[in-house]
Amino acid sequence: MLEQIHQPWPWYIAGALIGLIVPALLILGNKNFGISSNLRHICAACFPANIQFFKYNWKKEVWNLFFVAGIIIGAFIANYYLTNFDAVIIAPQLKASLLKYGVTNNNELLPPELFSFKALFTLRGFILMVVGGFFVGFGTRYASGCTSGHSIMGLSNLQWPSLIATIAFMVGGFIMANLILPFILSL
Amino acid sequence: MSQENIHSIDNNSTCINNSNQKESVMGNIKYLLVGVLFGIVFVKAEIISWFRIQEMFTLQSFHMYGVIGTAVAVGALSVFMIKKFNIKTIAGEKIIIAEKKFTKGHIYGGLLFGFGWAMTGACPGPLFAHLGAGFTVAIIVIISAIAGTWTYGYFQDKLPH
């Protein structure tokens, strides 16, 4: 049992546990599962700048910030106490294609050649982290939600706008990963 | 679309707290604990792996499709049961789930978020999980994401919805 906890978990265990977050939040306090709203709460709390979009009672949503704090703590616990794998499993085709761009280290969940403070001062690292992060924050708010709010919560409640949003997320991801990313990685 | 409409749509999609119950700090700890579980799953199932996200968008692995598919199936079954058996919250409130109202932002914003997802290998949840898992550089990505959300708020009235 302990051995199994330390190995990477299969998709059906992970998927079921994530799916159960939906009823857990609803039953604990009528909360709809969603994470990207926290980025807005942080803006509203710290830099409202008299912008209409950030004038609302963010304190009412403070539960969501607790939820995110929990994610940070949980990731810490899992990474430092529940993990003993040596390398992240990656598809051989992916490994081969990344090799061309000098991305060879898959000992951790993020390749250090692209995601580290050192990489931040390379053009491709800067684009992936800073521009990519900007797209995540801008895009999720423009789309009124992210993978959790739309793809899991919205689809669980059979909301067709969430299906359209999810399709748009996937189309965007496919375009980036297949058509644009190879160019960025070669910079 | 009038300005008022934009704001009302947006408020609908962001007002994700449908409880009138006032939560104390201790009351909020239960959401922190659910978050801890979520964070552990993120790491243990490699959902926060940049490699896993690339595999998903290049169809080189079934893993992420399995995770999201199972999550939606379990979530949908749970929502169905909550509605069918009229399950209440632990405080006895009726459970309300916000309806989503469609805007063109779902498409434009969705595409942009998809770009960011494939670039950073993270949606907003994993962004925070990266930080917890010891990738301190994630703080830069998070600050950038906050700047992105702020910029959206600044230009919201000028963007097509």
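**Figure 1. Chain B as a whole.** Of the 161 residues of chain B, 60% count as buried, where buried means under 20% relative accessible area, exposed over 50%, and partly exposed in between (1.4 Å probe, protein chains only). The model is predicted, so that local features need pLDDT of at least 70 and side-chain atom pairs count only at pLDDT 80 or more, while totals for chains, interfaces and linings use all residues. Residues are numbered from 1 along each chain as its sequence is written, chains are lettered from A and ligands numbered from 1 in the order in which they are written, and side-chain values use heavy atoms, with hydrogens and water left out. Chain B holds 7 helices and 0 strands; helices (H or I, at least four residues) and strands (E, at least two) are DSSP runs, numbered from the N terminus. Along the principal axes, the C-alpha atoms of chain B fill a box of roughly 45 × 40 × 35 Å.

Figure 2. A salt bridge is a side-chain nitrogen of Lys or Arg within 4 Å of a carboxyl oxygen of Asp or Glu. By this rule, 2 salt bridges are counted over all chains. One of them joins the side chains of B:R52 and B:E46, at 3.2 Å from N to O. Another links B:E55 with B:R52, and here the closest N and O atoms are 3.0 Å apart. Both B:E55 and B:R52 belong to helix α3 (residues 50–57) of chain B, where they are 3 residues apart, about one turn of the helix. An α-helix has 3.6 residues a turn, so residues three or four places apart point the same way. B:E55 and B:R52 are buried, and B:E46 is buried as well.

**Figure 3. A nonpolar patch on the surface of chain B.** The patch is formed by B:L77, B:F80, B:M81, B:F85 and B:I87, which together have about 510 Å² of accessible area. Patches are made of residues with over 30% relative accessible area and no salt bridge, like charges being joined within 9 Å and nonpolar side chains (Val, Leu, Ile, Met, Phe, Trp, Tyr) within 5 Å. Accessible areas come from the Shrake-Rupley method with a 1.4 Å probe, and for residues only the protein chains shown count as cover. B:L77 lies in helix α4 (residues 63–84) of chain B. B:L77 is exposed because its relative accessible area is 53%.

**Figure 4. Helix α3 of chain A.** Chain A contains 9 helices and 0 strands, and 55% of its 187 residues count as buried. Helix α3 (residues 37–46) of chain A is mostly covered, with 8 of its 10 residues buried. Among the buried residues of this helix are A:S37, A:R40, A:H41 and A:C43.

Figure 5. A:A165 is part of helix α9 (residues 160–185) of chain A. Is A:A165 buried or exposed? A:A165 is buried, because its relative accessible area is 0%. Apart from its neighbours within four places in sequence, A:A165 is in contact with A:H150 and B:H106; contact means heavy atoms within 4.5 Å. A:L114 is 51 residues from A:A165 in sequence and 28 Å from A:A165 in space, C-alpha to C-alpha.
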